[in-house]
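Colleague: I would like to go through this chain step by step. Please show it to me, and I will ask as we go.

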Amino acid sequence: MSEQHPYPWPAASSTGVGSWPGEDPDEAMRTVLGELPDLPHLPELPARGVGADMVGRTCGLLVEFPVQVQPSGWRVADSPGRDLGRAASLMSYDLDALTEHAHGFTGTLKVQVAGPWTLAASVELRNGQRLVSDPGACRDLTESHLEGVLAHLGEVRRRVPGARLLVQVDEPSLPAVLLGALPTASGYGRLPAVDRVRVEAALRVLFAAIDATGAVPAAHCCAPGVPVDLLRRSGARALSLNALLLTRDHDETVGTAVEAGTGLLLGVVPSSDGAEPARTARMSDPAATVDPVRELWNRLGFSPDLLSRAVVTTPTCGLAGASPGHARAALNASRAGARVLRDEPRR
């Protein structure tokens with residue numbers, strides 16, 4: 001990103017967080033490209049089952065770090081098995097759909113991977129304890145994750161050679177990792193908090209490696225207590241956050257990020273039918289939908305002219321739990337909200 005064009009998307013852009021309802025990658029890719037022409041993303045379809053979920057999808061990218069599915073979730077294994085084979089196969093279908101429908105695309109394309117700390121919080125060691133409890137295993141995982149992510153980006157770039165990649169690293173478990181809020185295997189205790197210096201160091205290596213490929217590193221966390229400053233310092237050049245969870249307590253760190261040229265992907269549209277009835281009812285009113293963003297911007301005191309360039313509107317989270325109709329409506333509402341931020345930055 002240059003000083004003249006500091007953000008990797010056109011003004012008044014909108015996008016999705018990642019997941020999408022249904023099981024057809026061709027239909028999902030067509031829909032995303034049609035509804036989000038300025039900043040499409042490679043959709044994830046967790047309804048297909050094991051290996052299509054956020055964690056399993058990224059486990060399929062790991063290099064020489066086999067895992068398998070147990071009743072309690074993904075667990076370290078001795079050798080790769082059918083679960084990883086299924087994850088790789090599902091990813092292949094998604095990439096084929098991307099090639100079919102977006103091969104000639106020349107704008108910015110967003111891809112998503114689970115981050116190393118969310119993987120460490122989700123994958124179990126052989127004894128059933130979360131991998132995040134073992135510093136040595138975390139080091140092995142982060143190294144494998146880095147190698148796998150870079151290989152994946154190379155494959156995406158081969159499929160869509162004209163696209164610039166925005167790589168969204170999903171870290172929904174990061175606040176719990178930092179706060180020591182993850183339960184032990186027994187469920188009766190909590191694992192110790194991981195040192196923030198360790199967390200930041202691992203993310204810095206990942207984001208720097210992504211940046212070195214020419215892609216734009218981004219971080220997504222829609223959980224309360226998102227560590228905005230840590231993610232910015234780690235090298236994320238865009239932050240994907242749920243705008244409805246941002247309070248005045250976040251103003252200083254969000255303002256610092258904007259001053260540093262960090263882009264914001266802000267969730268404003270309900271991600272499922274009926275989950276937020278009052279806000280769902282307001283989806284037909286684009287100005288009301290983006291009010292939380294405009295209120296945040298007014299508190300921060302930045303120029304209204306910067307708003308539609310620095311901010312991308314999104315649903316509050318992934319859309320896998322939504323009906324197909326609501327998912328399409330959510331993307332339409334995000335797009336309409338982005339236009340309001342450009343045309344009516346202040347009420």
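Modeller: A residue counts as buried under 20% relative accessible area, as exposed over 50%, and as partly exposed in between. Keep in mind that this is a predicted model.

Colleague: By that rule, is Glu64 buried or exposed?
Modeller: Glu64 lies in the loop between H2 and strand E1 (67-70). Its backbone has a positive phi of about 55°, although Glu64 is not a glycine. The relative accessible area of Glu64 is 79%, and the limit for this class is over 50%. Glu64 is therefore exposed.

Colleague: Ala12 is another residue that has a positive phi and is not a glycine. Is Ala12 buried or exposed?
Modeller: Ala12 lies in the segment before H1, and its phi is about 60°. Its relative accessibility is 9%, and the limit for this class is under 20%. Ala12 therefore counts as buried.

Colleague: Now the whole chain. What percentage of its residues count as buried?
Modeller: The same cut-off applies here, under 20% relative accessible area. The chain has 347 residues, and the share that counts as buried is 56%.

Colleague: What radius of gyration does the chain have?
Modeller: The C-alpha trace spans about 60 × 45 × 40 Å along its principal axes. A compact globule with 347 residues would have a radius of gyration near 20 Å. The value for the chain agrees with that, at 19 Å.

Colleague: How many helices and strands does the secondary structure of the chain come to?
Modeller: Some of them have come up already, including strand E1 (67-70). Others follow below, among them helix H12 (residues 291-300). The secondary structure comes to 14 helices and 8 strands.

Colleague: Take contacts between residues at least 6 apart in sequence. What percentage of them join residues at least 24 apart?
Modeller: A contact means heavy atoms within 4.5 Å. Among contacts between residues at least 6 apart in sequence, the share that joins residues at least 24 apart is 72%.

Colleague: How many disulfides does the count come to?
Modeller: A disulfide is a covalent bond between the sulfur atoms of two cysteines. The rule asks for two such atoms within 2.5 Å. For Cys221, the closest cysteine sulfur is in Cys222, 6.4 Å away, which is too far for a bond; for Cys317 the closest is also in Cys222, at 3.3 Å, again too far. The count comes to 0.

Colleague: Of Cys221 and Cys317, which is partly exposed?
Modeller: Cys221 has a relative accessible area of 1%, so it is buried. Cys317 has 28%, which falls between the limits of 20% and 50%. The partly exposed residue is Cys317.

Colleague: Why is helix H12 largely enclosed by the rest of the structure?
Modeller: The buried residues of H12 include Asp291, Arg294 and Trp297. Just after H12, Gly301 takes a positive phi of about 80°. H12 has 10 residues, and it is largely enclosed because the number of them that are buried is 7.

Colleague: Val50 and Leu266 are 216 residues apart in sequence. How far apart are they in space, C-alpha to C-alpha?
Modeller: Val50 lies in the loop between helix H1 (25-35) and helix H2 (54-59). Its relative accessibility is 36%, so Val50 counts as partly exposed. Leaving aside neighbours within four places in sequence, its contacts include Val69, Trp74 and Leu90. From Val50 to Leu266 the distance in space is 29 Å.

Colleague: Asn332 and Thr15 are 317 residues apart in sequence. What is their C-alpha to C-alpha distance in space?
Modeller: Asn332 is in helix H14 (residues 324-343). With a relative accessible area of 32%, Asn332 is partly exposed. From Asn332 to Thr15 the distance in space is 9.9 Å.

Colleague: Last, Pro227. Which residues does Pro227 touch, not counting those up to four places away in sequence?
Modeller: Pro227 is in the loop between strand E5 (216-220) and helix H8 (228-233). Its relative accessible area is 7%, so Pro227 is buried. Touching here means heavy atoms within 4.5 Å. The residues are Leu174, Pro175, Leu178 and Arg196.

Technical notes
Residues are numbered from 1 along each chain as its sequence is written. This is a predicted model: local features need pLDDT of at least 70, side-chain atom pairs count only at pLDDT 80 or more; totals for chains, interfaces and linings use all residues. Side-chain values use heavy atoms; hydrogens and water are left out. Helices (H or I, at least four residues) and strands (E, at least two) are DSSP runs, numbered from the N terminus. The radius of gyration is taken over C-alpha atoms; the globule rule is 2.2 Å times the number of residues to the power 0.38. Buried means under 20% relative accessible area, exposed over 50%, partly exposed in between (1.4 Å probe, protein chains only).
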